[in-house]
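Please view the sequence and the model first, and then read the notes below.

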Amino acid sequence: MAKAKTVYVCASCGYETARWMGRCPECGEWNTLSEQLREEEKKLPEKKLRRDPGTDAAAMRIEDIPDDNIARLSCGIGELDRVLGGGVVEGALMLVGGDPGIGKSTLLTQVCANMAEAGMRVLYVSGEESARQIKMRANRLGAAGSGFFVLSENDLNIVERRMEQLSPEVMVVDSIQTMYLPEMASAPGSVSQVRECSSRLMRLGKASGCRTFLVGHVTKEGSIAGPRVLEHMVDAVLYFEGDRQHQYRLLRAVKNRFGSVNELGMFEMAEEGMVEVGNASEVLLSERAHDASGSVVMCAMEGSRPLLTDVQALVAPTVLGNPRRMASGVDQGRLALLLAVLEKRAGLRLFDKDVYINIAGGMTLTEPAADLALCAAVASSLWNVNVPKNAAVVGEVGLSGEIRAIAQAERRMRECMRLGFDMLVLPKGNMKGLRVPEGMNAIGVETLPQALSALGLARRSRE
């Protein structure tokens, strides 16, 4: 009987050592080494490979490579196609991650059903659910199709044989952490198993042209469980975000070799599955309070899509020695910087106030164009003065209080006009060459006090 030995494996990079260490010497991460039992593998006679490794391809001049357009296949879900860059590329390997119960399996079941109805052969491999469980979900979603095959298996060797028999054009593996290779001594979900199974699926997909979706579990920090090399191997990494207690879900691409990583897809979780939200701006503003101070509309750009979001602020007197600064949907450090600029350049007294920021709808604003809306919301709440309900605000705020130009100002303006916001406060640097639609009142500002004055939030004498 083979002896078992204890090794410590880093969950981030796969580094192995015979003793435990607090910090991995390979990747520098803390507390990532976990104990694993590993049997000493018996030395087996070498087997001849069924085929030589590699492709034996010849080097080509870059001008001799044909300029073929990448053929994309629609998933039947417009929001997913948008995030992927227009559809699924032949032979692509895509990783979909998200919290448990967020809707990953539901969305991919709908994708399989749509492609099967389009006449394609689809294979759904599940290492977590039985075939009957998948059938129950498919019935709830109304998914059908003679080309929709289901396989409940976590042995990758068997999956490979079934894949060779069926020759699917689309395959879903739910999840990659449950797949394992029996010839490896480590347990399913370990770093070595996830790495080798992903590498095998990548080779199979590239050789056969099968479009493969991998479902990935996430850690409590929100990152994909397993080695970091998993995200490097795949062609696209998609994250499903949202609160399970709310009906809206956001799909983002953090890596995409065939398109932009700035696109955003929005879905609503309904009884019949994931329903696309076509007019996301209208949904995000549907419950906005029009008669409350501290609420400002801002037009953000998510890739090629302009989205109107409600930026909310609440400023209240504090009884603590250190006032609270809490933000949801914006960077905490950026908020502290903007509050300092408001005190220094606009004369707002905030050192004895608690400040709370929230971006309605679960949105996250990362672009600097949200600075001016955040400042206006804080000033509106501090002085308890409402911003005009037909006004929208965009602009980047510098440390000296200047308002800097932003990108795609004209597209933002058209989206504001489409939803009935006919007043837009924006940087004066964007006014040059800007085509203002009829009926739109575009106000260019150079400094933060000018912007607050244009919104009716000029500094009050009582302050």
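R334 is partly exposed, with 27% relative accessible area, where buried means under 20%, exposed over 50% and partly exposed in between, for a 1.4 Å probe and protein chains only. This is a predicted model, in which local features need pLDDT of at least 70 and side-chain atom pairs count only at pLDDT 80 or more, while totals for chains, interfaces and linings use all residues. Residues are numbered from 1 along each chain as its sequence is written, and side-chain values use heavy atoms, with hydrogens and water left out.

**Salt bridges**

- The structure holds 18 salt bridges, each being a side-chain nitrogen of Lys or Arg within 4 Å of a carboxyl oxygen of Asp or Glu.
- One of them joins R334 to D371 at 2.3 Å, N to O, and this pair links helix α8 (residues 332-345) with helix α9 (residues 371-383), 37 residues apart; helices here are DSSP runs of H or I with at least four residues, strands are runs of E with at least two, and both are numbered from the N terminus.
- D371 is buried, at 2% relative accessibility.
- In helix α10, E415 and R418 lie 3 residues apart, about one turn of the helix, and their side chains meet in a salt bridge of 2.9 Å, N to O.
- E415 is buried at 10%, whereas R418 is partly exposed at 49%.

**Cysteines**

- A search of the whole structure finds 0 disulfides, a disulfide being a pair of cysteine sulfur atoms within 2.5 Å.
- For C210, the nearest cysteine sulfur is that of C112, 10 Å away.
- C210 is buried, at 0% relative accessibility.
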